[in-house]
Amino acid sequence: MRSSKNRRMATGRRKTTTRRTAGLRAWLGLQTSGRPALRTTKNRRMTEEQRQKAAKAYVDPVERKTRNRTVALLMLLAVVNLYVFVWREGTSVLELGAPRAAAIVEHDERGHGPLGAFAETPESACNGDPVRIFEGLQDQIHQATTLDKGRTLRLALLELGVAATEIDALEAALRPTIDLGLVAGTGAPLRLASDRHGAILALEIEQSEGRLLQACRNGNGMTVRAIQHPPVSDVVAVHLELGRDADLRAAVVEAGERPELADRIAAALAFEVDLVADARPRDRIDLVIERRFLGKQFHRYGSLLAVRFRGEAGRFVAFRFQTGNGQAAYFDAEGKPIRRTLLRSPLAFHALQPGARAMMPPSVEVVAGRSGALYRRPEGAPVVALGDGVVRNLGEQGDAGLVLELAHEDGTVARYAHLSRIIGDLRPGQPVRQGDLVALAGHSGKTATDRVRLELWREEHGDAAVLDPLLLAAGGDRRPAVVGAPLKGTTLERFKLEITPWQKALRETPG
């Protein structure tokens, strides 16, 4: 028989165990009161074997609920992975290369993914600048053409893909200021900024040197103004060094220049380096460029005369030179052309959100046995023609969404998928020029993220050979072929004489 002291000690241990169990249940968020007591049978004789079986069969309620919660969590994770890797991309998807986007994509209140969206619609496009109608609109869709060969304003805008209703509203706003028939077929440059949905935000017609007709969207209407000032121009050398975010536009602004200069630099280097994906901190860019003023007010940049890039992607230099046929092109210091059959990227330069740089390099994606290059880009990012060619096909194609196929002059066929919209009056058989804006990035079809998928193949003698999806990002001898012949004879001598001051200006820039 147990002594009184032993009975008190046993009772104390039971109370301590009860308090610990209650604390554990409270920490797990379980109910600690009002639960039914365990049924016990007093004075029941049990063999040692029965006692061991009963001990094994008993499961503490706290442990049982914790285990059930763990199983439920594992089942939820399995469902999420099934959606991400099977249903979302199709039944056969393999992605290699650059880090992929987050498996669970978060969207903001406007439905935009982690990269945001390009060409958002501002409340008002009128900025108050007396000359620069496009000030503050650098993150919009920009296009340019000329009113030549009898083209009217309406026809030119239709060819740029502007909706007829937008053109009607613009013409109604312009008519009190100018007879639109007077600008048709004059060869006047036309510049346009629109949002990614196609709404006109700002427009400028350069009727002659120093004489402009401008319009900008102000609420539901258009504000129109005519400007005339004496034109003035100068040439400057600019030195840039990319910061920690490798943001070209930020480096341009820090140097005291206007944001659109970044687009000009990227376009001149587009055959050798993609300044969206290939840019790195401390890359250096030197350039010589024309600046144009109306009176004392800066209006826009003129010709980019020379540019030099020194960075992780390589060392490149390009000089603008007008050949005997009147066409301007870029050459290296030895007079060799730098243009290639295909651009470095199917997307034009555009601004990025901070921290998104690591997601920009393309990766290989295999869908149903077909390999392509995956470019993660925000909705509305500008998609361009890789080379000269014609439109082969366009339209919705199932899981690929909105698709555009371009057949280029070198036999390469490019297939763009998951587009949000086609830009311009494109149709099968219509010619396109290298660098033309042809579409906008999106997430049409079977994809949960904003992107452009690019497939490349070459057709020769009726046979199609699939090309490396990352051909555009390759280096060395794998790069697309150079277009054109080197300068020779007196033309080469004239070229070297002309670029001498530009070379000096590049050398005199810091660094």
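Tutor: Two strands count as paired if DSSP finds at least two bridges between them. We shall apply this rule to the predicted model above.

Student: What makes S3 and strand S4 a pair?

Tutor: Five bridges join S3 and S4 (residues 200-208), in the antiparallel sense. The requirement is at least two bridges, and therefore the two strands pair. As an example of facing residues, Leu192 stands opposite Leu203 in S4.

Student: How do you know that strand S2 and S3 are paired, and in which sense do they run?

Tutor: Strand S2 (residues 141-147) is joined to S3 by seven bridges. The rule asks for at least two, so S2 and S3 pair as well. The strands run antiparallel, and Leu147 has Ala188 in S3 as its bridge partner.

Student: Why is strand S3 described as largely enclosed?

Tutor: A residue is buried when its relative accessible area is under 20%. Six of the seven residues of S3 (residues 188-194) are buried, and therefore the strand is largely enclosed by the rest of the structure. For the chain as a whole, 43% of the 511 residues count as buried.

Student: What lies between S3 and S4 in their hairpin?

Tutor: Five residues lie between the two strands of the hairpin. Gly198, in the turn, has a positive phi of about 100°.

Student: How many helices and strands does the chain have?

Tutor: The chain has eight helices and 21 strands. Among its contacts with a separation of 6 or more, 65% come from residues 24 or more positions apart.

How values were computed
Residues are numbered from 1 along each chain as its sequence is written. This is a predicted model: local features need pLDDT of at least 70, side-chain atom pairs count only at pLDDT 80 or more; totals for chains, interfaces and linings use all residues. Side-chain values use heavy atoms; hydrogens and water are left out. Buried means under 20% relative accessible area, exposed over 50%, partly exposed in between (1.4 Å probe, protein chains only). Helices (H or I, at least four residues) and strands (E, at least two) are DSSP runs, numbered from the N terminus. Contact means heavy atoms within 4.5 Å.
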